Amino acid sequence: SVSHSQITRLYSRFTSLDKGENGTLSREDFQRIPELAINPLGDRIINAFFPEGEDQVNFRGFMRTLAHFRPIEDNEKSKDQNGPEPLNSRSNKLHFAFRLYDLDKDDKISRDELLQVLRMMVGVNISDEQLGSIADRTIQEADQDGDSAISFAEFVKVVLEKVDVEQKMSIRFLH
Amino acid sequence: EDVALAAARLGAVWLALVFALIVLPSALGISLGISEAYMWVLVKTLEWATIRIEKGVKKPRPQMLKNSAANGIIERDETPMEKEIARLHQVDFEFSDVFYFCRKGFEAIVEDEVTQRFSSEELVSWNLLTRTNVNFHYISLRLTVVWVIGVIVRYCFLLPLRFTLAAIGITSMIVGTTMVGQLPNSSVKNYLSEVVHLTCSRILVRALSGTIHYHNKENKPQKGGICVANHTSPIDAIILTNDGCYAMVGQVHGGLMGIIQRASVKACPHVWFERSEVKDRHLVTKRLQEHVADKNKLPILIFPEGTCINNTSVMMFKKGSFEIGATIYPVAIKYDPQFGDAFWNSSKYNIVSYLLRIMTSWAIVCNVWYLPPMVREEGEDAVQFANRVRSAIARQGGLTELPWDGGLKRAKVKDTFREEQQKNYSKMLVRNGSIG
C-alpha cells in the first residue's frame, strides 16, 4: 500500500495545484501544468480524473486515479488475496488505457473513436485519408470476431503481444 | 504623562543607537561586526536544532532529511518518444502508443518541472520558522522553547528594528536624491549621487539582516554595459546596488515606489518607462541603446526572466536585452533558503505581506558571483546569445536550466509546443509505415 510519506507528498502536490483553495481540482487546474498542456492526449488524461458529468475532483478521487500507475511490485507486499482487485493490477491498467479510446463507454473501440484519438496524437500533420487507412489497418489486424470494432479482449491480446504493460504504465516513487 | 515622557526618551535613545551603530557605518561603508555576531549565533542555533530533529525522529528516515526538491518525488523516465515507440514498430500505429503519452501525462501531474519553480523551495531541515514547518512534527520541549524564543526575537525585536531601518533608508533615498538632483550636471553630482545610492542600499540591506558574499569582484559591470542576473525577488536590485551603482530599468509605478523613482532619476539617469511605452519594443530598445552608447552613464541592470522564479532554476531569458549590442555582464545570485526565503510568490502574497515575511525571517544570506563579460559572437542570434549567458549563470549559481518561459506563472502555454509533439509523432508514423 502507499506509504505515509508518499500520501503527504501527493497531498502537498494536490493543494499546490488547487489554486481556488476549495479542496477540489477543476480541469483548469490540471491545464495549468505546462508539460500536461502540451501533451497531445492531455485532455483525455485529465478527463480520466473526473467521474461522469462532474467538474471537480477531490483528493480521494485524485489518489484513486493515480493509483492505476503504482508499480505492480507494491501488491506483493499486501497480503489481501481475497479483497477486490487492486487498481494497479495489470488488468486494471489495461482497462484504463482502453477507456482512453472508448469514449462512449460501450466496451468497444469503434473506427470513429480510434480516429479521434489518432487525430489528437498527429494534429494537422496527416490527412484524413491517410489517417483513415491507418485506422482501418489497425482494426483489421486486431479484430477477431469481425465486427469492425475492438473489444477489450481483442485490445488486451494485441497490446500484450508487444508491450510490457507493468513497466510502461507504472510510475515509481523515489522513496 | 510620565509614561509618555519615558516612552519618548526611550524612543530617542533607540533612534540614537540605531544611527550610531547602523546608519553611520553604512554611510562610511564599514562594519562593526554586529551582523557577523548575530549570524554566528544563528548558525549555531540552527545546527543544534537540526541535530535535535535528527535524533528525535522516531523511525530512522535518513532518506527524508536528505531528500530535497531537487531529487524529485518520482523516477522520471527520460527515454525520448522516438526510442520508446519506435522499438515496437513494424506497422505504423499500435494501440500501445498511447501508453507513452499517458505515462508522461501522469508523471507531469504528480510532479512537473515548471510549476514547482513558482513556489518556495522545500528545506532539507527545519529552520525554526513556522512557515516552513511542512513535514516536521513536534520533537521535544527544548526545541519548542527555542522556537518560541525565536518568535519573540523576530517579531518583537528584529521586526521593529528592521522597519525603522527601512524607513530611514527609503526616506534618505528620497531626500538625498532630490537634494543631489538640484545640482547642475557635473562629476561632483555623479559622485554624490553614487554616495547617496550606496549608503541607502547599505541601510536597506541591513534592514533585511542581509549577509552577502560577493565573488570575483574584478568582473564588476562597467559603464556602457548591461548587467543581467537571475530574478528571485524585488530585493535582487538592492543586493546588487549594495556593491556598485547601476542604472535601473523599469516601469513607472504609483505610490511610494513612484516617488522613489521620480526622486532618484533626478540624481542619476535611470531608465523609467511609462506603461504605454513598455509595449513598444522599438522604443524600449532605442532608449536602452542610447543609454548604453553614452560611456559616462552607469551600467544598466536588467532581469531578463521577466518575473520572479524560486531560485532553484533559471528560466528563459527574454531576448530584448541581448539585441542591443552592448557588452553583457552576467551575475548569478543564489540565496541560502535556510535563513529566510527570498522568493516572492506574487500570486500568493502581495508586496506588503512579502516584505513582512522577509522582515520576520532570520536573515537574508546570499552569494553573488560576477561572471566575465560576454559579447555576441559572429553568427549567433540574440536567442542563442541569451541562452549562452543563461547557461553561464545557471552553472555558476548551481541552478538548473529550463527552456520554459517564466511567463507561464500566469499565462497558458502556447499551442505551438503541443503542435511540435504532434509533428514528431506524425513523422514516426510516416517513417515506419508504408505511407509516403
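The following exercises, with worked solutions, concern two interfaces in a predicted model.

**Exercise 1. The domains of chain A**

Solution. 
Step 1. Of the area that domain 1 of chain A buries against domain 2 of chain A, 68% is supplied by A:Leu41, A:Arg44 and A:His68, more than by any other three residues.

**Exercise 2. Polar and charged pairing between the domains**

Task: Identify the salt bridge formed by the side chains of A:Lys105 and A:Glu52 by its N to O distance, and decide whether the distance lies within or beyond the cut-off.

Solution. 
Step 1. The rule finds one salt bridge across the interface of domain 1 and domain 2 of chain A.
Step 2. The side chains of A:Lys105 and A:Glu52 meet at 3.9 Å, N to O. The cut-off is 4 Å, so a nitrogen of Lys within that distance of a carboxyl oxygen of Glu qualifies.
Step 3. Three residue pairs are in polar contact across the interface of domain 1 and domain 2 of chain A, with both residues at pLDDT 80 or more.

**Exercise 3. The interface of chain B and chain A**

Task: Describe the area buried between chain B and chain A, and state which element gives the most residues to the side of chain B.

Solution. 
Step 1. In the contact, 54 residues of chain B meet 60 residues of chain A.
Step 2. The area buried between the two chains is about 5,400 Å², with 69% given by carbon and sulfur atoms.
Step 3. One salt bridge is found across the interface of chain B and chain A. The side chains of B:Asp112 and A:Arg13 form a salt bridge at 2.8 Å, N to O.
Step 4. There are 12 residue pairs in polar contact between chain B and chain A, both residues at pLDDT 80 or more. Helix H5 (97-110) and helix H14 (415-432) of chain B each give two or more residues to the side that touches chain A. H5(B) gives the most, with 13 residues.
Step 5. The side of chain B that touches chain A comprises 23 nonpolar, 13 polar and 18 charged residues.

How values were computed
Residues numbered from 1 in each chain as written. Chains lettered and ligands numbered in written order. Predicted model: local features only at pLDDT ≥ 70, side-chain atom pairs only at ≥ 80, totals over all residues. Heavy atoms only, no water. Buried area = accessible area lost by both parts, 1.4 Å probe. Polar contact = N/O pair within 3.5 Å; in protein donor to acceptor, adjacent residues only side chain to side chain. Contact = heavy atoms within 4.5 Å. Helix = DSSP H or I, 4+ residues; strand = E, 2+ residues; numbered from the N terminus. Nonpolar A, V, L, I, M, F, W, Y, C, P; charged D, E, K, R; others polar.
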